[in-house]
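This report looks at selected contacts and pairings in one protein model. Please keep the sequence and the 3D view at hand while reading.

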Amino acid sequence: MSVDHVEEVGSGDEANAVTTAAALRYYAVAPGVRLNVRSGPGTSYSIVRVLNEGAYVPIYCQTPGSTVTGYYGTSNIWDNISNGEFVADAYVNTGSDGYVASRCG
């Protein structure tokens, strides 16, 4: 048996997916807080669910919205934690008063 042709398979997408997943960070919700998750970046949007005390959330992107005063100060930054789900950044311990993730597009 002989090999006449060897072809390398793989586009590198697998490595990119692993890198992206590894880079995703989870942040603690303020202690003692049951946090409302809303359908958009503001208090006028409907509540889609409530996070339990001690929850951690991923931040996929961030966007400006209505201003909220919470455990970590006052901010108009809203964190996208899932498709169509946002929480007020003023209740998430990001360690920053500014953006820690890319802007939602």
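## The disulfide

C104 has a relative accessibility of 25% and therefore counts as partly exposed, in a model that is predicted. C61, by comparison, counts as buried, because its relative accessibility is 13%, which falls under the 20% limit for that class. These two cysteines, C61 and C104, form a disulfide with their sulfur atoms 2.0 Å apart, and the structure holds 1 disulfide.

In sequence terms, C61 belongs to strand β5 (residues 61-70), whereas C104 sits in the segment after β8 (92-93), so the bond ties together parts that are 43 residues apart in sequence. The torsion about the S-S bond of C61 and C104 is about 95°, and the disulfide is therefore right-handed.

## The open sheet

An open sheet is formed by 3 strands, which follow the order β4-β1-β8 with antiparallel pairing. Both β4 (56-58) and β8 stand at the edges with a single partner strand each, so that one side of each has no neighbour in the sheet.

The pairing of strand β1 (residues 26-29) with β8 is antiparallel and runs over 2 bridges; within these strands, A28 stands opposite N93 in β8.

## The aromatic pair

The structure holds 1 aromatic pair, and this pair is formed by Y71 and Y72, whose ring centres lie 4.9 Å apart with 75° between the planes. Because planes over 60 degrees apart count as edge-to-face, the arrangement of Y71 and Y72 is edge-to-face. Y72 is partly exposed, with a relative accessible area of 31%.

Definitions and conventions
Residues are numbered from 1 along each chain as its sequence is written. This is a predicted model: local features need pLDDT of at least 70, side-chain atom pairs count only at pLDDT 80 or more; totals for chains, interfaces and linings use all residues. Side-chain values use heavy atoms; hydrogens and water are left out. Rings of Phe, Tyr and Trp (its six-membered ring) pair if their centres lie within 6.5 Å; planes under 30 degrees apart count as stacked, over 60 as edge-to-face and the rest as tilted. Buried means under 20% relative accessible area, exposed over 50%, partly exposed in between (1.4 Å probe, protein chains only). A disulfide is a pair of cysteine sulfur atoms within 2.5 Å. Helices (H or I, at least four residues) and strands (E, at least two) are DSSP runs, numbered from the N terminus. Two strands pair if DSSP finds at least two bridges between them.
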